[in-house]
Amino acid sequence: MLNPQKSLSELSKMSAANQVERAVLKDEFNWLLKEEVHAVLKQLQDVLKEASRRFSMPTPGLESQLKQENFILGSSTMDQVKGVLALQGEALTQADINLKVARSSQTLHFQFREDKQWKLQQIQDARNHVNQALQLLNSRDESYCFKTGAEVNKLMDAVMLQLTRARNRLTTPASMTLPELATSGLMKMFTPPMPGDMMVNFYINLSKLCLTVYQLHVLPPNTAKNFKPSGSSVLHSPGAMFELNNNRFEVSHVHKVECVVPWLNDTLVFFTISLQLCQQLKDKISIFSSFWNYRPY
C-alpha cells in the first residue's frame, strides 16, 4: 500500500528541483541575452565590415584610393573572344575586346570610350544590402539590453534577410530579353560603335565577371521560318529570336568568357559565415524556449 506522506514528500522534492532547474535556466538565458548576444553581434559586425570594405567606394576627391584591377577574359574551350577588363569597385572602367567573327577570318576590336564606365548593378545592390545589415547591427550597441528571445530573433531575421538578398544579387544575374540587351546603354559604351548585328552583356555570376557576345543575323521579311520571340534569360542560345524596330533577328552565335574576381569570392564566404552566426544564435534561443511549457518570449 502506498504511503501518502512519502508520495507528497517526493512530489515536493521534485517540485523544488524543477524550480531550481528553471531558475538556473532563467539565469543562463538572461546571461545569453545580456552577454552572448552582444558577443555574436560584435562578431557579425567585424565580418560584415570586412565584406563592406571589399565593396568600398572612393571618397570624393580620393578616387585613387579604390584599387583598379585588370582581369583577362578567357575560355578553356574557344578563343573567338579575348579581352581585358578593368574593375574599380562596382565600375567597369575599361574594356578591351577582340572578337573573331565566326563567318569570316576578320577580327573586330572594341574598347570603352574614355569618357565612359559601366556600373555593375549587382555589385552596387549587394553592397547596399551589406550596409543595411550593418546599420541594423549598429542600432543595438553594447549598452542595449535585449529583454526577450523574440527580440533577438527579429533582429537576426532582419539581418539574415539583407545578407540573403546580398548573396542572391551575386549568385543570380538578372534575366533580360534580347530587345532589352539591344537597347541597353552598354551598347553605346564602345568605340568604334558596336555593329547592328552584335550585342554584348556583362554580369556577375558568383565570384566571376562574365562577358557574353551575341552575333545576329536579320531574318528575311517573308521568311517561312516560324518566328517565336524569346523571353527573358541570363544567357540566350543560338536560334533565339526577337523583333526590334520592325526588323526580326535571330542569334547565330553566342560566345561567353569570364574571369574570377577574388574579392567577390571573399564576400560570398563572409556572407556564409555571417548567416551561420545568425542561425546559431537563433538555435540557442530556440533550445532555451523548448525548456518552458510556455513561450518565454
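Colleague: Taking helices (H or I, at least four residues) and strands (E, at least two) as DSSP runs numbered from the N terminus, where does serine 207 lie?

Modeller: Serine 207 lies in the loop that runs between S7 and strand S8, the latter spanning 208-218. This is a predicted model, in which local features need pLDDT of at least 70 and side-chain atom pairs count only at pLDDT 80 or more, while totals for chains, interfaces and linings use all residues. Residues are numbered from 1 along each chain as its sequence is written, and side-chain values use heavy atoms, with hydrogens and water left out.

Colleague: OK, and is serine 207 buried or exposed?

Modeller: Serine 207 counts as buried because its relative accessibility is 11%, where buried means under 20% relative accessible area, exposed over 50% and partly exposed in between, with a 1.4 Å probe and protein chains only.

Colleague: Which residues does serine 207 touch, leaving out those up to four places away in sequence?

Modeller: With contact taken as heavy atoms within 4.5 Å, serine 207 touches Cys259, Val260 and Val261, and also Leu264, Asn265 and Leu268.

Colleague: Switching topic, what is the mean pLDDT of the protein?

Modeller: The mean pLDDT, the predictor's confidence in each residue from 0 to 100, is 82 for the protein, and 82% of its residues reach 70 or more.

Colleague: Where does pLDDT stay under 50?

Modeller: One such stretch is residues 58-64, for which the model has 4 contacts beyond four places in sequence. Residues 293-297 also have pLDDT below 50, and that stretch has 9 contacts in the model beyond near neighbours in sequence.
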